[in-house]
Each structure stands twice: as C-alpha cells, then as structure tokens.
Amino acid sequence: MQAALDEYLGRLKAKFPTFVRFGEGSEALDADERGYKLELVTAFQQEIRPRLQPLPKDEASLTQIGADLIALFTRKLSHGAPQNLVGWRYVGPIQKLTASDRGRFAIRVVDLLNGEESIAERVDRFVPTLRALLADSAPDSGWSAMSRSVTSFLLMLSDPGQHVIIKTQEFNRALKAYGRAALPNRALTGEDYLNVQSFLFALRDRMTDAGLMPRDLIDVQTLIWVGDAHYSQDALNRQHWLLRRQDPDLRQRRPLGGVVPCKNVIMSDTDPMAQAPAGTRRWRHS
C-alpha cells in the first residue's frame, strides 16, 4: 500500500505544490475539493436532518422532505455551480419523481441513514427500492454506477467521518493500485459497500501513519480523486462547464463548429460531458 500511497501523493503534490498535510498547506486543495462538499454536508445537517427524527407521517411533509433532498443534487453552491459529485444523468431520473414518489424517496433515505440494522443491510434495502422508484426514468445502462454514486452521496451527507462519495472509475483504479479487487459489475450491494468502506478506513489509517492527518473520509476521497492519473483532464472539464455556467454571454452564444444543445443523450462514464455538474447544459457537435 505504501508504494501506491507515494504515487498518489506525488501526483497530488504536483497539482498542489504547497500541500504538506491536510490542514497545513492545503488551502488551495481544500478550496477546490473540500469546501463545497462540506457546504452540502452542512446544508443537509442544518436544514434537513432535524426534520427526519421523528419522520412526519403526513404525505405533504414527506413530499417536501423528498423534494428538499433532491434539491441538494442541483443546489447552487457558493462557488457558483451545483455539486459535480453525482452526474447530471443520474440526477435527472430522481428529479422526475412524482410528488408521492418523492415522499417514498424520503422514507427510503431515512431508512438508509438512520435504520437500526447494519449499514450492509440498509444498503441492500435501499438500492432495490430506489431502482423500483426509478423504473420508468433510469435506464439499465449506467444503473450500477448510479446506485453507488447516489447511495454513497446520501451517506456522506449524513456522516463524512464514516462515508464518502464513490466515483466508480477513480475508485476502481485506486482499488487496483492498492492491491484490492475492483467493484463488481453490478448494482451496489451491502457487501460491496463494506469492502469499499474497509479500503477507505485502511487508507485513512495509512495516511495518518504517514503524517497526512486526514480529517475525515472527504480527505481520503480527495487523495483518490486528485491523485488519480486522470485528474487533470477531469479538472479541465469541470472548469469548462463552470465557466460556461458563470458567463451569460458564453451560455447564449452558439459555439464555433456547429455545437448545439443536446437532450436525453445516454453517455458512458468515460464521456467528458458526463463529468459536468448537475444542472448545466450539455453540447455536442451537430
């Protein structure tokens, strides 16, 4: 594990030369990769979590909680754009839930976060019920990655000390680099989640032993994300979409080369447009 840690840390330091450890020399890194995640965690903890215990029983309150949970996926954050952790093509089907299904979504999320059973049992309950809720709007293609992304995003909001967003490609590369098996090609199961959580805890402990002092699993995920060999390209893609979102003139102009807005395009996880933040417009050459 040490060789892989040195490799990932070397790539992180190449991108953020002032980095010494988390909390020291990490200001630029935190601004890029930590601040907006904590902003989402804070929003959930302050605005939604107090309304979950006890969970209201009337349909109107449940529907509103479901709507507020879904809004976190596209909420405009202080840096001027929505989160880019859960891709727009995964958020879209959730936004299409009916009012009654938003109430059911709220119930399922509360069971995932607050249920009395083990996290593995809760994940095993949540993923199939989410699939059933999204049966008419989420295609089978991409469901495996979507189940990991949405489930782990919600868990991270509840406790980033124990959970963090799972990005399938980056995590599979990290698992391979650290001598672990890749995620199975299936929807997330409780067993899969425990295996990922075990890897994250082991990596957190090794980072602590190396003096990197991760504050939570967000910092561990930051090492996996920024230390990934493909980080630079992902960062440029993210910057491109942020610039387009923040510049009204750029949004209104038709780009050179016959680029037009596209709708309902199913893309693979490797398509750069799939990395764009939820809520932004996508463009393809005509």
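Biologist: What percentage of the residues of the chain count as buried?

Modeller: This is a predicted model, in which local features need pLDDT of at least 70, side-chain atom pairs count only at pLDDT 80 or more, and totals for chains, interfaces and linings use all residues. Residues are numbered from 1 along each chain as its sequence is written, and side-chain values use heavy atoms, with hydrogens and water left out. Buried means under 20% relative accessible area, exposed over 50% and partly exposed in between, with a 1.4 Å probe and protein chains only. Of the 286 residues, the share that counts as buried is 49%.

Biologist: How many helices and strands does the chain have?

Modeller: Both are DSSP runs numbered from the N terminus: helices are H or I with at least four residues, strands E with at least two. The chain has two strands, and its helices number 13.

Biologist: What share of the chain's contacts with a separation of 6 or more is between residues 24 or more positions apart?

Modeller: Contact means heavy atoms within 4.5 Å. Among contacts in the chain with a separation of 6 or more, residues 24 or more positions apart account for 68%.

Biologist: How are helix 4 and helix 6 oriented to each other?

Modeller: Axes are lines fitted to C-alpha atoms, for helices over the stretch in contact, and angles run from 0 to 180 degrees between N-to-C directions. The axes of helix 4 (residues 59–71) and helix 6 (residues 99–114) come within 7 Å and cross at roughly 75°. Angles under 35 degrees count as roughly parallel, over 145 as roughly antiparallel, 65 to 115 as roughly perpendicular and the rest as oblique. Helix 4 and helix 6 are therefore roughly perpendicular.

Biologist: Why is the pair of Phe73 and Phe153 tilted?

Modeller: The ring centres of Phe73 and Phe153 are 4.9 Å apart, and the pair is tilted because the planes are at 35°. Phe73 lies in the loop between helix 4 and helix 5 (88–95) and Phe153 in helix 8 (residues 143–158), so the pair ties together parts 80 residues apart in sequence. Both Phe73 and Phe153 are buried. The angle that decides the class is 35°.

Biologist: What is the geometry of the pair of Trp225 and Tyr231?

Modeller: Trp225 is buried at 7% relative accessible area, and Tyr231 is buried at 5%. Their ring centres are 6.5 Å apart and their planes at 85°, so the pair is edge-to-face.

Biologist: Which residue lies over the face of Tyr8?

Modeller: Ring pairs link Tyr8, Tyr178 and Phe199 into a cluster. A charge sits over a ring if NZ of Lys or CZ of Arg is within 6 Å of the ring centre and within 35 degrees of the ring normal. At 4.9 Å from the ring centre of Tyr8, the residue over its face is Arg11.

Biologist: Is Asp219 buried or exposed?

Modeller: Asp219 is found in helix 11 (residues 217–226). Leaving out residues up to four places away in sequence, Asp219 touches Phe22, Arg34, Met207, Met213 and Pro214. With a relative accessible area of 1%, Asp219 is buried.

Biologist: What is phi of Met213 near?

Modeller: Met213 lies in the loop between helix 10 and helix 11. At 42% relative accessibility, Met213 counts as partly exposed. Phi is positive here in a residue other than glycine, near 50°.

Biologist: Which peptide bond is cis, with omega near -5°?

Modeller: Pro54 is in the loop between helix 3 (35–48) and helix 4. The cis bond runs from Gln53 to Pro54.

How values were computed. Phe/Tyr/Trp six-rings, centres within 6.5 Å; stacked < 30°, edge-to-face > 60°.
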